Amino acid sequence: MLSGQVRSEFSPMVRSLMRLLPQNGHGGAALCVYYRGECVVDIWAGTRDLEGRPWEEDTVALSWSTTKGILSTLLGIAGIVLAVLGGWWVTTVQLEEWER
């Protein structure tokens, strides 16, 4: 059973979550998506343990290998910032040397 709320334009995410859940009823998941600072998807479904208790809004879950994407994004942003600042610094140094 699916619980939660989703804005209509994000309804394909509901189908994606439901496809990821095991068909035998052992397992559950939750998905929360913020878009432009607003919660547009907050859904959960499935079971949280072997006894078959339902997944709830506040069910705690482990998150594996999620920091790789965050780290690569941050490194990419840092690289862009360094490239911009590096270009500015080189241009500034070259102008100062030319003025001498």
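These legends describe close-up views of a predicted model.

**View A. Phe10 and Tyr35 form the one aromatic pair in the structure.** The ring centres of Phe10 and Tyr35 lie 5.8 Å apart, and the planes meet at 55°, so the pair is tilted. Edge-to-face would need an angle over 60 degrees. Phe10 sits in the loop between strand 1 (2-6) and helix 1 (12-20). Tyr35 belongs to strand 2 (residues 28-35). The pair therefore ties together parts that are 25 residues apart in sequence. Phe10 is buried, at 15% relative accessible area. Tyr35 is partly exposed, at 39%.

**View B. Arg7, Glu9 and Glu38 are linked in a salt-bridge network.** Arg7 bridges to Glu9, with the closest N and O atoms 2.4 Å apart. Arg7 also meets Glu38, at 2.9 Å from N to O. Arg7 lies in the loop between strand 1 and helix 1, while Glu38 lies in strand 3, so their pair ties together parts that are 31 residues apart in sequence. What is the exposure of each member? Arg7 is partly exposed, at 28% relative accessibility. Glu9 is partly exposed too, at 49%. Glu38 is partly exposed at 40%.

**View C. Arg53 and Asp49 meet in a salt bridge.** The N to O distance is 2.4 Å. Arg53 is partly exposed, with a relative accessible area of 44%. Asp49 is buried, at 17%, because buried means under 20%. The structure holds four salt bridges, and this is one of them.

**View D. Strand 2 and strand 3 run antiparallel.** Eight bridges join strand 2 to strand 3 (residues 38-46). Within this pairing, Leu31 stands opposite Ile43 of strand 3. The two strands form a hairpin with two residues between them. Arg36 takes a positive phi in this hairpin, near 55°.

**View E. Ile70, Leu74, Ile77 and Val81 make a nonpolar surface patch.** The patch covers about 370 Å². Ile70 has its place in helix 2 (residues 67-99). Ile70 is exposed, with a relative accessible area of 53%. The cut-off for exposed is over 50%, so Ile70 passes it.

Note on methods
Residues are numbered from 1 along each chain as its sequence is written. This is a predicted model: local features need pLDDT of at least 70, side-chain atom pairs count only at pLDDT 80 or more; totals for chains, interfaces and linings use all residues. Side-chain values use heavy atoms; hydrogens and water are left out. Patches are made of residues with over 30% relative accessible area and no salt bridge: like charges are joined within 9 Å, nonpolar side chains (Val, Leu, Ile, Met, Phe, Trp, Tyr) within 5 Å. Accessible areas come from the Shrake-Rupley method with a 1.4 Å probe; for residues, only the protein chains shown count as cover. A salt bridge is a side-chain nitrogen of Lys or Arg within 4 Å of a carboxyl oxygen of Asp or Glu. Helices (H or I, at least four residues) and strands (E, at least two) are DSSP runs, numbered from the N terminus. Buried means under 20% relative accessible area, exposed over 50%, partly exposed in between (1.4 Å probe, protein chains only). Rings of Phe, Tyr and Trp (its six-membered ring) pair if their centres lie within 6.5 Å; planes under 30 degrees apart count as stacked, over 60 as edge-to-face and the rest as tilted. Two strands pair if DSSP finds at least two bridges between them.
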